[in-house]
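This report describes selected features of a predicted model. The sequence and structure are shown first, and the discussion follows.

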Amino acid sequence: MHPIRTRPRSRATTLAVAALAAAAVALGPSPAYAADDTERPTAPGPITVTAIDTTSVELTWTASTDNVGVVGYAVSALFEDTGRAYSTDTTTIRLTDLRPSRTYTLSVAGLDAAGNRSVSNPTLRLTMPPGDTQPPSTPGQPVAYDVAATLVWLRWTPSTDNVVLDRYEVYRVDASGQLTLVRELYQFPPSPTMTQVSGLTPNTTYTFVVRARDEAGNWSALSSPVTVTTLPPPPSCAVRTVARQGPDGFVAYLAVENTGTTAVNGWTMTWRFWASQQVRALWGAQVVDRPNNSYLRVRNTSHNAVIRPGGTVSLGIVATGTQLPEEVTLNGGVCVVADE
């Protein structure tokens, strides 16, 4: 048995639980009792496993009792944010279409003819036997697509698996080959194969690798390594903006000055940029991405990567909306912004 990652209940969980409860409708209240019976049956259980294989399990439990009569049971098998619903009019059932190595929370509730439902207590937490020995394919070599002084963004080609991927793990590799886990990316639900590694030291070289794990606990081989050097400490900077506002947006010209004592060789800039705004034109820089849809991130072109102490680079943007560049950073350092 292996542990699963515990997640807070989400809207998807609420909907899944509601769907499981709805299975009781199939057992249906009887009009003869619906008007005058409001007493719920006693809780059934405890649940006992009588047979199990990699994809199915047979259960039995002690019967519920009721002041009128128990007509059936609603049974659920919940895995994280999803579940399966079953029903039976006996105290035994065979649950099918389960997944090897998954840990399910099993519950049974008694139902009477008026539709009253007992509590589902106690539940049973059950890990299915492993039925998969094939490891995932090796993830692609990570690519460092955004580097700052204390963090780096990595992305890689995803692994494939014959059943279901559980997670990716990102490791830092030291000079002796020792691995240190720096990030885990769980894949339920599937998430993009990219992550940020933070807390790094400026102007330092790091090597990273990635591997994948499936739900049965099989591990892929380690990916090919990527080596990246973080940028020097964030420079001191100042930004002067000249903007012309129009009915459909604005044109802004930015002069970015390195006010520090060390040359900047390669830079990224961010500034506040609302989700409703769109870039219509940009010169002197290239768009990288829009983190959280609240900021625009750009980087140098091949012609203006170096900003010497006291030097300035110029760029411009045509965009929709009224939000002019503010909260500007250069390689993670906050710039003083002045309008003209």
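## Ser 56 and its surroundings

A polar contact is here a pair of N or O atoms within 3.5 Å, where, within protein, one atom must be able to donate a hydrogen and the other to accept it. The side chains of Ser 56 and Arg 94 make such a polar contact, at 2.7 Å.

Ser 56 is located in the loop that runs between strand 1 (47–52) and strand 2 (57–61). Is Ser 56 buried or exposed? Its relative accessibility is 4%, and because buried means under 20%, Ser 56 counts as buried. When neighbours within four places in sequence are set aside, the residues in contact with Ser 56 are Arg 94, Leu 95, Thr 96 and Met 128.

## Nonpolar cores

The largest nonpolar core comprises 22 residues. Within this core, the residues with the most contacts are Trp 267, Met 269, Trp 271, Leu 315, Ile 317 and Leu 330. Two or more residues of the core come from each of strand 15 (237–246), strand 16 (249–258), strand 18 (268–272), strand 21 (295–299) and strand 23 (312–319).

Apart from neighbours within four places in sequence, Met 269 is in contact with Leu 254, Val 256, Leu 296, Arg 297, Val 298, Leu 315, Val 328, Thr 329 and Leu 330.

## The disulfide

How many disulfides does a search of the whole structure find? The search returns 1, formed by Cys 237 and Cys 335, whose sulfur atoms are 1.9 Å apart. The link of Cys 237 and Cys 335 is left-handed, with -100 degrees about the S-S bond.

Cys 237 belongs to strand 15 and Cys 335 to strand 25 (residues 333–339), so the pair ties together parts that lie 98 residues apart in sequence. Both Cys 237 and Cys 335 are buried.

## The largest pocket

The volume of the largest pocket is about 340 Å³. Its lining consists of 18 residues, and those nearest the centre of the pocket are Leu 151, Thr 270, Arg 297, Thr 329 and Gly 332. At least two lining residues are supplied by each of strand 8 (143–147), strand 18 and strand 21.

Arg 297 and Thr 329, among the residues nearest the pocket centre, are both in contact with Met 269.

Key. Residues are numbered from 1 along each chain as its sequence is written. This is a predicted model: local features need pLDDT of at least 70, side-chain atom pairs count only at pLDDT 80 or more; totals for chains, interfaces and linings use all residues. Side-chain values use heavy atoms; hydrogens and water are left out. A nonpolar core is a set of buried Ala, Val, Leu, Ile, Met, Phe, Trp, Tyr and Cys residues joined through side-chain atoms within 4.5 Å. Buried means under 20% relative accessible area, exposed over 50%, partly exposed in between (1.4 Å probe, protein chains only). Helices (H or I, at least four residues) and strands (E, at least two) are DSSP runs, numbered from the N terminus. Contact means heavy atoms within 4.5 Å. A disulfide is a pair of cysteine sulfur atoms within 2.5 Å. On a 1 Å grid over the protein atoms alone, a cavity is a set of points where a 1.4 Å probe fits but cannot get out, and a pocket is an open set with protein on both sides within 12 Å along at least five of seven lines; lining residues have an atom within 4 Å of a point. Grid points are joined across faces, edges and corners, and a volume is the space filled by probe spheres set on the points.
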